[in-house]
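Here are my notes on the model, as numbered points. Please read them with the structure open.

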Amino acid sequence: MEQLKLEIVPFDESHRDRVIEITLFAWQGIYDEYKRRLGDKMFNDLYGDWKKTKTDRVMTGMTSGKGFTVLVDGIVAGFIYYVPDYKKKLGTVEENAVAKEYLGNGIGKRLYDFVLSEMRKEGLIYAQVGTGLDDAHAAARASYKKAGFDRELPSVRYFMEL
């Protein structure tokens, strides 16, 4: 595998469209799995406009001052943002993703290493990240473990129609 020359920079508005494109790719399979598990009606009622909801959330995080993009030859190849809780000295890695064409090149780990370093600089002493337990989140779980997240609190959400 060829070592890519990466540059991690603060989010810039010129990155917006590419970050949205990566977001929609990265979460499509997850929401497909939600739809399969919940059924059409419940999924549509609870997550029907997921693309807008997810991109709005990502853009809020990316424009918070804690959002970063990774560039490969000037092209946005991935993104990440985190939320600090100074009272608990805890940083939470929130939405993050790598573009399809750059998967498997260690970009995710580089992004995690970068934001973990940023958290340390801010005096945070703990870091957390959340993900799903379903097959659609398997790659995310593996990536977080590679980045050094070594403790977990498993969780499951149950649904029903009333």
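Where is valine 98 found?

1. **Valine 98.** Valine 98 sits in strand 4. Helices (H or I, at least four residues) and strands (E, at least two) are DSSP runs, numbered from the N terminus. Valine 98 is buried, at a relative accessible area of 12%. Here buried means under 20% relative accessible area, exposed over 50%, and partly exposed in between (1.4 Å probe, protein chains only). Contact means heavy atoms within 4.5 Å. Beyond its neighbours within four places in sequence, valine 98 is in contact with Ile22, Phe25, Ala77, Gly78, Leu103, Ile107 and Gly108.

2. **Basis.** This is a predicted model: local features need pLDDT of at least 70, side-chain atom pairs count only at pLDDT 80 or more, and totals for chains, interfaces and linings use all residues. Residues are numbered from 1 along each chain as its sequence is written, and side-chain values use heavy atoms, with hydrogens and water left out.

3. **Core.** A nonpolar core is a set of buried Ala, Val, Leu, Ile, Met, Phe, Trp, Tyr and Cys residues joined through side-chain atoms within 4.5 Å. The largest one has 42 residues, and Val19, Met62, Phe79 and Ile107 touch the most other members. Elements that each supply at least two residues include helix 1 (16-38), helix 3 (50-66), strand 3 (75-85) and helix 4 (107-121). Helix 1 gives the largest share, seven residues. In soluble globular proteins, nonpolar side chains tend to be buried together.

4. **Methionine 62.** Which residues does methionine 62 touch, not counting those up to four places away in sequence? They are Phe11, Val19, Gly67, Phe68, Thr69, Phe79, Ile80 and Tyr81. Valine 98 lies 36 residues from methionine 62 in sequence and 14 Å from it in space, C-alpha to C-alpha.

5. **Helix 3.** The 17 residues of helix 3 should span 24 Å at 1.5 Å a residue, and the end C-alpha atoms are 23 Å apart, which agrees. The expected span is 1.5 Å times one less than the number of residues. Trp50, Lys54, Thr55, Val58, Met59, Gly61, Met62 and Lys66 are buried in helix 3. They cover an arc of only 165° around the axis, so they lie on the same side of helix 3. The arc is taken from the directions from the helix axis to the C-beta atoms. Thr53, Thr60 and Gly65 are exposed on the other side. Cover for the buried residues includes helix 1, helix 2, strand 2, strand 3 and strand 4.

6. **Strand 2.** Six of the six residues of strand 2 are buried, so strand 2 is largely enclosed by the rest of the structure. Gly67, Thr69 and Leu71 point one way; Phe68, Val70 and Val72 point the other way. Strand 2 runs antiparallel to strand 1, with five bridges. Its pairing with strand 3 is also antiparallel, over six bridges. Two strands pair if DSSP finds at least two bridges between them. Proline 10 stands opposite phenylalanine 68, and glycine 67 opposite tyrosine 81. Strand 2 and strand 3 form a hairpin with two residues between them, and aspartate 73 in the turn has a positive phi of about 50°.

7. The open sheet has five strands in the order 1-2-3-4-5, with mixed pairing. Strand 1 and strand 5 (126-129) are the edges. Helix 3 lies across strand 2, strand 3 and strand 4, at about 75° to strand 3. Axes are lines fitted to C-alpha atoms, for helices over the stretch in contact, and angles run from 0 to 180 degrees between N-to-C directions.
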